Amino acid sequence: MTIELLTGFKLGASIHTMDGWRPKAKRRRGACAFPFYRIRWISLATIAGTCTLSVTSCSVYDVNLIGEPNDRAVPSQDAAGERSNQTRDAGGSPEGGNPKADAAADGNCRPNPDATAECPVICDESCNGEDDDCDGLTDEGDTDLLCSLSNAKARCDQGECLIVECVGRFGDCDRNPDNGCETALDEVENCGSCGNNCDVSLAHTSETRCALDGTCEIKACESGFEDCDDSDGNGCEHEITPDGPCFPDANCTRHEFRECEYFFCAEDTSWMDARDKCGVRKGGDLVHIDDEEENDFVMSHLEGDSWIGANDIAREELWVWSNNAVPFWLGSQSGSSALSQYANWSDEEPAGDADADDCAEISTAGSWNDADCDDAWHFVCEVSPDLCPDDDEKYDPGQCGCGEPDEDSDLDGFADCNDLCPDDSAKTEPGICGCGFEDSQEDRDDDGTPNCNDACPDDPEKTDPGACGCGKAEDGSSDSDGDGTADCLDGCPVNALSTDYGSGCGLGYLPANIDVAALDPGQADETTTFDCAAVLDTSDTPSFTTWCSGNKPQITLHAQSEGPELAVVAMRDLNIPDGGVLRIRGSRPAVLVVFGDATVAGLIDTSADNTTAHAGGNYNCNAVSPTSQGGDVADCGDETGGGGGGGYGTTGGLGGRGDDCSGGSGGNTRGTPNLIPLIGGCPGGFGGGCTSNGRGAGGGALQLSVGGTLTLSGTLRANGGNGPNRCINFHGGGGGGSGGAIRVEAGNLIDSATIEVNGGNGGSSNGSSGNYSGGQGSTSSGENGGNGNPATEPSIDYFGGSGGGGGYGRVVLCNRATNDGCLP
């Protein structure tokens, strides 16, 4: 067969037959290349620029005639068209190989359109340390998919396939990753793991086998040996010649009862040794007696007093059975059955000897006695069938049953499944006080519930705090405002109109300085009207000393953290018509709270009466230095200077000079711009030579908090008192008091009122000539008092000076609808 290739290239070299496959053929410009054919026998010639291929035999296969040499398996095709693997050596012989040709055989390679000598063909990447897909990377991608080893999960590591783990019942016993996991692990020689030879690992066996779970099993024992404990792990462990058959001891007789084997052994031994001997058989232990019938059976075969499985070794006076640790008796002779189990103690047994008697023996009469475990007695063994065949961890149901572990969290001998107090080693039942508490009948409040179970031990009406807490009823008896909500759950317990404290109990906002929870507007009329000259006295127990008509509103006292106690009046609606007056007197500031609307066309007055303070005036005025109280003057002789004025929002004026003495200093400012806390004004200083009633008082403090619309067209007044004139002829005048405080806040404020918080005037020294008049109280700082003038008498230098004027007070007007004036 001849194939003509019209390549236009010059033939560069001859290419030999398959048996002389050309290695290391490099692509050169003008060389002929014949991809996709396996050449059996060829000859090449150059005829007029044409490559001619003479083929003796071919396999349809893609072949790299110009690539690098390969030493990988190369599929070939037999006469039937089936592919097979051959190998080529580096010289191109069948023992070597070409990895790209291998991939091509599976259809994984294709010509490289940008072929180079290093990469003529593009193949899928494989684990070989080469760039098969010509992308500049080696063995990239998911390396687990680049390797395929027999019976193994593999990964590619630096061009080699390594075993990650074997799959199925196979192992890599030769430690050669090239052949994968080559060894089956279900044979006797390699059972479950490489080199685990069952014939060697199981002692005294004549025949073994490898089980499906990969463990060695006994098929037959050597002559003279038996597998008494039915355990493959220790082989045929029992030697018959010295010990006899699979009996606990040579001096034992065998009997059957209820599908169990019993061995009655006449050798005297300790309890521990007896138990070890019983354990020679799988499922064997000292006898566990379940009921009277079994007890009678055991007694009938006894040849002497014998050990049984009962013991209190782990915990004194908690008697359990050795085969499953199930408790059956708690206490000494006066104890009781545990878990409803059978017991047949002799009289005065168990004796409860904590030092030694921790094991039990059965007498020939059938009753049980406790004894020292080191004593020597006969013994009785019981061999039971596997009662939990599907539970590898348990041979006996124990306390919790097959498939459930007998976990004992508090180590009291009772498994959690039988322990209602699994974390309290002192109790298995809650008793009257519950787990974790010692039971006590003490009942401090005599309500029939012991203190340990009474969450309100001092409240005979409750054993649980509930929502309201101990000492507070949760029914209608604690509903002060009758709104159907218990006081403890009612944010406004005395206000039937609201239960929401956050809404101001219906006010719509939380007012400054007071607690709305205690306010009950329901005591007042729908509208409280002051159409007369009413008087509210805030001293002692606040009350209206002069009242107009209708029901009087509630008055309560509210504490302030940094101010005086407040007298708070709660109303629904308020009306002070033109001509109506509400004067507030007494020692405490006043707060008028109106949950609805209010109209003030008349007068609310908290002003001082000259030297007498009202509504919280004169409160704590010298608490800090410099003080807000006007300064007094020293006695400089017969005539002295005047006192200074009190300060609040502004400072008071200085007192006038007299008889070579300076007048009193003016009071300093005080309080906060938002009037929180609410406090009144401060007095002026004493005039020269005066010791009482010699100064003007500070104005009072008023807060008006309205939930609805407040219409102000009248007058709100908190003026300071005037300082008195000279006490004695030619002496100085007293200082004027400062103005007080007025805070107004409303859901909606309509304001055209006259609001006065002016300072009082200073007192005059009343001299015959010169400037003797006191300073004027002002909306700014108080004026200074005038100095006294020279006297006509030589012995008198000056008449007394006049008092300084009081400073201006503070006013807050807060419209909640727009937040105007509502200082923080």
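Let us start with Glu 189, which is partly exposed, with a relative accessible area of 46%. On this scale buried means under 20% relative accessible area, exposed means over 50%, and partly exposed is in between, using a 1.4 Å probe and protein chains only. Keep in mind that this is a predicted model, where local features need pLDDT of at least 70, side-chain atom pairs count only at pLDDT 80 or more, and totals for chains, interfaces and linings use all residues. Residues are numbered from 1 along each chain as its sequence is written, and side-chain values use heavy atoms, leaving out hydrogens and water.

Helices (H or I, at least four residues) and strands (E, at least two) are DSSP runs, numbered from the N terminus. On the surface, Glu 189 gathers with Asp 186, Glu 187 and Asp 199 in a patch of negative charge. To join such a patch, residues need over 30% relative accessible area and no salt bridge, and like charges are joined within 9 Å. A salt bridge here is a side-chain nitrogen of Lys or Arg within 4 Å of a carboxyl oxygen of Asp or Glu.

Now turn to the cysteines. A disulfide is a pair of cysteine sulfur atoms within 2.5 Å, and by this rule the count comes to 23 disulfides. One of them joins Cys 166 and Cys 181, with sulfur atoms 2.0 Å apart. The torsion about their S-S bond is about -85°, so this disulfide is left-handed. The pair links distant parts of the chain, 15 residues apart: Cys 166 is in strand E12 (residues 160-166), and Cys 181 is in the loop between strand E13 (170-171) and E14.

Cys 388 is buried, with a relative accessible area of 1%, while Cys 402 is partly exposed at 37%.

Finally, a disulfide joins Cys 532 to Cys 548, S to S 1.8 Å. The torsion is about -95°, so this disulfide is left-handed.

Definitions and conventions
Patches are made of residues with over 30% relative accessible area and no salt bridge: like charges are joined within 9 Å, nonpolar side chains (Val, Leu, Ile, Met, Phe, Trp, Tyr) within 5 Å. Accessible areas come from the Shrake-Rupley method with a 1.4 Å probe; for residues, only the protein chains shown count as cover. Lys and Arg count as positive and Asp and Glu as negative; His and the chain ends are not counted. The place of a charge is taken as NZ of Lys, CZ of Arg, CG of Asp or CD of Glu.
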